[in-house]
Amino acid sequence: MLKRFNLQIEGIVQGVGFRPFVFSTARAQGLAGWVLNNSRGVEIEIEGLEESINNFISILKEKSPPLSRIHSVQAQEIPLKGDHSFFIYESKELADRLPFISPDTDVCDDCLRELFDPSDRRYLYPFINCTNCGPRFTIIRDIPYDRDKTTMHIFTMCPVCEREYHDPLNRRFHAQPIGCWQCGPRVMLLDASGAEVETADPVQKTIELLLQGRIVAIKGLGGFHLAVDAAAQDAVVRLRERKHREEKPFALMVRNVETARQLCFTSPAEEEILSSHTKPILLLKKRPRHAIAESVAPGNQFFGIMLPCTPIQHVLMQDNFLALVMTSANISEEPITKDNDEALERLRGIADYFLVHNRDIHVRTDDSIMRTMAGNISIQRRSRGLVPLAVPLLEEGIEVLACGGELKNTICFTKDKNAFLSQYIGDMENAETFRIFLESIKHLENILQVSPQVLAYDLHPNYLATRYALEQQGMRLVGVQHHFAHVVSCLAEHAVDEPAIGVAFDGTGYGDDGMIWGSEFFTFDYAQYVRRAHFAYIPMPGGNAAAREPYRMAVSYVYQAFKDKLFDLDLPVLKRHAEHLATFITMIDRKVNAPLTSSCGRLFDAVSALIDLRDIMTFEGQAPMELEMAIDEQHDALYHYEIINNAESTDYTISFEQVIREIVEDIKRKEPASSISCRFHNTVAAVIVDMCKQLRSETKLNLVALSGGVFQNLYLLTRTVDHLKKNGFSVLTHEHVPTNDGGISLGQAVIARRACNK
Ligand code: ZN
Ligand code: ZN
Ligand code: FE
């Protein structure tokens with residue numbers, strides 16, 4: 001029987017080859033009608049045999065183009081019109097809502113084949129792309145997503161590209177960044193002074209320079225990388241010196257999964273992530289023997305590895321290097337460099353050469369970073385290749401802008417049933433990052449077509465993002481406690497909206513009592529939380545300095561556990577810092593410059609210094625990371641912690657005094673760091689399980705959400721999840737947004753929405 005349907009498809013369905021796909025699918029099924037883009041996505045009318053229409057719809061859902069993401073299909077039967085063929089119509093301009101924009105992606109297989117095919121007209125063309133691949137988010141200046149609204153607007157298509165662009169059956173039909181050797185962007189090699197290096201083949205010349213050990217700044221999708229031959233120790237050391245980066249590992253780019261496998265241990269799941277369209281940096285455990293320079297990731301058991309993402313990177317990696325260092329081009333913690341002029345200016349004295357091109361990057365977007373363990377994925381940085389994918393929410397609500405935290409800042413907008421997290425903005429500790437924070441707000445407001453009346457912000461009065469929020473006029477303001485935002489972000493990313501036990505472990509977050517929190521057990525839902533337990537407060541001698549210098553926390557914990565007997569202890573960490581002990585103890589006793597914290601991160605710092613792994617950190621999170629990596633052989637031993645029931649309230653505090661005393665015993669017995677670290681990690685996992693059991697017995701809550709930067713520690717996360725599940729808990733951990741502060745803007749947004757809906 002003949003039928004006709006109108007279909008409205010929402011999701012990422014524009015600029016990703018969706019209409020040609022609909023066109024060929026309809027023809028293959030012998031169906032008539034039309035397809036067009038409208039402001040909600042793609043609209044289709046389809047007429048023919050009912051069975052063919054059903055086939056058509058299921059193919060649409062199951063075999064849609066790689067970059068597309070269908071969020072919903074609404075089908076409505078309408079009267080027959082008697083069409084005989086199928087058409088692609090021009091777009092309908094409806095301005096009420098906006099279709100979703102795709103993240104940037106790597107080069108697709110079809111384009112790769114053409115890239116290395118000497119007979120193809122785009123042979124080795126550094127900007128080859130099609131509707132299935134290439135830049136998106138980073139080149140969009142405005143919506144709708146049309147070429148003149150992207151940084152491609154300055155290039156006029158040649159007749160051949162023009163024909164491809166207008167042919168519905170061509171892979172490049174409406175591929176906005178289309179171009180070729182004749183008409184598209186081109187690369188240039190500049191020397192340190194900015195003068196163009198005369199060469200017929202700038203990419204080939206770059207390969208030669210890199211092989212000579214030169215440092216070359218290379219423009220990628222979301223910004224510049226500093227590249228150097230990763231096998232050349234001298235060159236890597238030079239890069240470290242020039243970049244003033246002492247120990248933080250450099251990311252590596254390798255040609256393919258096989259090379260990654262040569263350097264690191266990989267699981268099938270990890271290989272899949274490596275080669276996914278996102279092309280993130282994936283942290284992988286080093287093999288014992290490899291040919292990579294020691295300075296790439298000194299003292300680190302992991303390499304951060306990524307595969308080529310852009311055509312230029314594919315050509316560079318072709319047979320030339322085992323691996324290239326590809327580190328974000330910035331100075332210390334400043335934002336990644338994106339413009340050619342900016343690169344010449346900011347990277348002066350660092351890069352010997354610059355491989356640039358004339359397709360501008362509109363939105364700077366760092367590489368995404370991930371790690372996996374035992375089936376758990378941790379997204380440490382959600383940026384290029386993932387932004388601006390929506391996090392689907394459970395319900396509609398008002399538009400909110402959540403300003404995020406201080407470190408690893410991201411912002412988040414809500415619109416309809418979606419939350420949109422920004423690219424990684426960075427540590428909001430300098431004017432440059434703050435400027436990019438402001439830029440990102442403007443840009444996302446524009447491309448998402450949102451104008452929020454509600455601002456959510458962290459309670460810390462000195463965070464730049466908070467100060468920004470408090471200065472805005474005529475907005476409704478919702479302050480959100482840091483760890484509350486953490487645990488809600490964990491529920492929200494799983495589209496769960498029910499009361500739960502929340503465990504938020506991190507380095508720093510401003511508490512309701514004005515203290516520095518960081519080991520919080522909540523019972524909570526989207527609307528409220530009760531702080532039920534936390535680690536016993538401990539002084540941080542020297543305040544902020546104690547967050548960078550773990551030995552200070554070691555002294556504080558040892559003093560708490562041993563009091564004046566501290567001076568009789570024969571501990572290496574105390575000997576190393578003997579001249580400071582008296583000062584620290586005075587600070588602690590007199591409560592001068594020794595703020596109290598319940599931070600779990602500081603406990604990890606303390607143990608790291610205590611067992612002589614790390615006294616002073618050169619980058620955030622270094623000490624806990626090294627403590628985790630010290631775990632070599634695993635066992636199940638525990639230290640003895642104490643859960644103290646504060647009789648006057650229902651609050652619990654968890655004391656690690658005995659844990660510290662037992663660690664000191666172990667140190668005296670010359671237990672290896674590996675064993676102490678393992679036992680310590682097991683203890684923290686056991687604390688979580690015990691506390692959750694206690695809270696379950698009081699509240700009947702069986703769902704646990706784990707959040708906060710500490711859970712980037714995959715040994716701890718894996719063990720905790722495992723033991724919670726063995727005890728019958730349902731457990732949620734982060735998979736789609738970072739567990740670190742890069743994820744809190746989502747929690748802030750969801751909490752503010754709920755607060756304003758009441
Ligand atoms: Zn392609
Ligand atoms: Zn062309
Ligand atoms: Fe945090």
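## Cis peptide bond

P388 lies in the loop between β15 (376-381) and β16 (390-392); helices (H or I, at least four residues) and strands (E, at least two) are DSSP runs, numbered from the N terminus. The peptide bond from V387 to P388 is cis, with omega near 10°.

## Basis of the model

This is a predicted model, in which local features need pLDDT of at least 70 and side-chain atom pairs count only at pLDDT 80 or more, while totals for chains, interfaces and linings use all residues. Residues are numbered from 1 along each chain as its sequence is written, chains are lettered from A and ligands numbered from 1 in the order in which they are written, and side-chain values use heavy atoms, with hydrogens and water left out.

## Zinc site

The zinc ion (ligand 1) has C108 (SG), C111 (SG), C130 (SG) and C133 (SG) as its protein donors, lying 2.3 Å from it. Donors are N, O and S atoms within 2.8 Å of the metal (3.2 Å for Na, K and Ca); water is not among the atoms, so sites may look incomplete. Angles of 103 to 118° among the 4 donor atoms make the arrangement around the zinc ion (ligand 1) tetrahedral. Four donors count as tetrahedral if all angles lie between 85 and 135 degrees; four count as square planar and six as octahedral if opposite donors are over 155 degrees apart and all others between 65 and 115; anything else is irregular.

Along the sequence, the donor residues of the zinc ion (ligand 1) follow the spacing C-x2-C-x18-C-x2-C. C108, in the loop between β5 (86-88) and α3, and C133, in the loop between α3 and α4, are 25 residues apart. C108 is buried at 8% relative accessible area, and C133 is buried at 0%; buried means under 20%, exposed over 50%, partly exposed in between (1.4 Å probe, protein chains only).

## Iron site

H482 (NE2), H486 (NE2), D506 (OD) and D741 (OD) coordinate the iron ion (ligand 3) at 2.0 to 2.2 Å. The site is irregular, with angles of 88 to 167° among its 4 donor atoms.

The donor spacing for the iron ion (ligand 3) is H-x3-H-x19-D-x234-D. H482 in helix α13 (residues 482-493) and D741 in the loop between β30 (730-732) and α23 (744-757) are 259 residues apart. Both H482 and D741 are buried.

## Positive phi

Most residues other than glycine have a negative phi. L124 has a positive phi, near 60°, and is partly exposed at 28% relative accessibility. A495 has a positive phi of about 50° and lies in the loop between α13 and β22 (500-510).
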